[in-house]
Amino acid sequence: MPLVTAEFMRDWGKYTHGSPLYAELAEVVAEDPELLRVMNRIGHLPPPNLMFGAVQSMLMDGSDGDLATHYRSIVDDPAPPHGVGPKFRSFVLAHEEEIVEMGNTRYTQTNECRRCVALLPMVSMAEFRAFHLIDVGTSAGLNLGLDRYGYRYGDQEWNPGGEPLLLAESRGVAPELVEVEVLSRTGLDLNPIDPADESDRRWLDALIWPEHVERRARLRSALDMVASLDIDFVAGDALETLPNAMDGLPIGDPAVVMSSFTLNQFDAAQRDRLDSIVSGARSARPIHRVSMGELLDESDGWADLVVDDGNGALTVGRAHPHGEWIELYR
Ligand SMILES: C[S@@+](CC[C@H](N)C(=O)[O-])C[C@H]1O[C@@H](n2cnc3c(N)ncnc32)[C@H](O)[C@@H]1O
């Protein structure tokens with residue numbers, strides 16, 4: 001039984017908030033056995049994100065003006081989604097091999113810098129102000145620039161001149177934000193994305209829903225900023241690369257180990273292994289661990305915010321998965 005069925009596509013279509021085009025395309029694919037067949041040739045998960053991302057990436061690259069007229073990411077005043085079906089179908093069937101190739105070599109590595117509106121307050125809870133920053137599952141390293149963005153939570157600002165400016169609603173206790181000094185930045189990922197590489201940048205861009213204009217502008221601005229930072233990207237399984245990354249830091253220097261929307265891809269044994277690597281490394285330095293969205297219950301629609309200074313994990317709040325709001329408990 002193939003993974004992607006008409007029912008699978010209709011379920012997927014329920015989560016296309018803010019994208020009338022993808023809601024329509026989910027229905028188009030659900031009703032078309034040929035499009036379902038192509039989608040099932042994509043082994044990486046989830047296939048719809050990869051197929052739609054591949055198509056959008058190719059359109060951004062200049063392929064097929066007719067289908068592109070429906071994409072807000074490409075034209076300012078897009079044609080309505082109704083009627084897109086036949087154009088999408090002929091585009092996919094004409095470019096099947098390229099789409100399948102992209103879907104089987106790229107990954108869903110969405111990198112949302114606005115998550116820093118939750119990560120920065122958690123980093124500010126550390127007992128130290130200067131630290132080495134290690135990001136587990138870094139994608140393009142956008143969260144490693146958390147000290148460079150501008151922040152605004154209602155009336156409260158932090159580094160207001162920073163670009164891009166990240167706006168969030170604060171629903172709970174006001175975040176206590178302090179000046180921080182990032183001594184070094186290390187990004188661990190199975191497949192790091194180069195923020196300066198045109199094709200990598202386009203892929204991240206293509207993973208964003210076509211109508212999400214603000215997210216796209218934020219992504220492009222954050223990629224420009226992060227490309228100017230000195231980041232040590234390390235490719236490989238973080239369970240293999242984290243011990244070396246920690247050992248390479250000067251003994252005694254504090255470190256922050258951060259992760260967001262990554263450990264939800266780990267099983268229980270892998271999570272335990274990560275915990276024991278961090279615990280073992282505490283003999284060489286103080287470590288403040290922060291995580292966001294690692295216990296996400298999809299049905300809740302928020303991300304848990306958890307810190308751990310070595311005295312046990314503490315849930316300090318929750319946040320919108322893309323940082324539209326945060327709610328700190330303390
Ligand atoms: C959904 S992205 C989140 C990126 C970023 N943390 C954020 O919040 O925007 C998850 C990232 O984790 C990476 N990843 C998954 N398993 C990993 C592992 N075992 N070791 C290193 N990176 C991993 C993926 O390649 C992907 O780039």
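Biologist: Into which domains is the protein chain divided?

Modeller: Domain bounds come from an automatic or database domain assignment, and here that gives domain 1 (6-105) and domain 2 (113-328). Residues are numbered from 1 along each chain as its sequence is written. This is a predicted model, in which local features need pLDDT of at least 70 and side-chain atom pairs count only at pLDDT 80 or more, while totals for chains, interfaces and linings use all residues.

Biologist: How many residues does the contact take from domain 1 and from domain 2?

Modeller: Two residues are in contact if their C-beta atoms, placed from the backbone, lie within 7 Å; the contact takes 13 residues from domain 1 and 11 residues from domain 2.

Biologist: Which helices each supply at least two residues of the side of domain 1 that touches domain 2?

Modeller: Helices (H or I, at least four residues) are DSSP runs, numbered from the N terminus, and the ones you ask about are α2 (20-30) and α4 (47-60). The largest share of that side of domain 1, 5 residues, comes from α4.

Biologist: How far apart are the centres of domain 1 and domain 2?

Modeller: Taken over C-alpha atoms, the two centres are separated by 30 Å.

Biologist: What percentage of the 330 residues in the protein chain is buried?

Modeller: A residue is buried if 20 or more other C-beta atoms, placed from the backbone, lie within 10 Å of its own, and buried residues make up 41% of the 330 in the protein chain. As for its extent, the C-alpha trace spans about 60 × 45 × 35 Å along its principal axes.

Note on methods: Buried ≥ 20, exposed ≤ 12 C-beta atoms within 10 Å, placed from the backbone.
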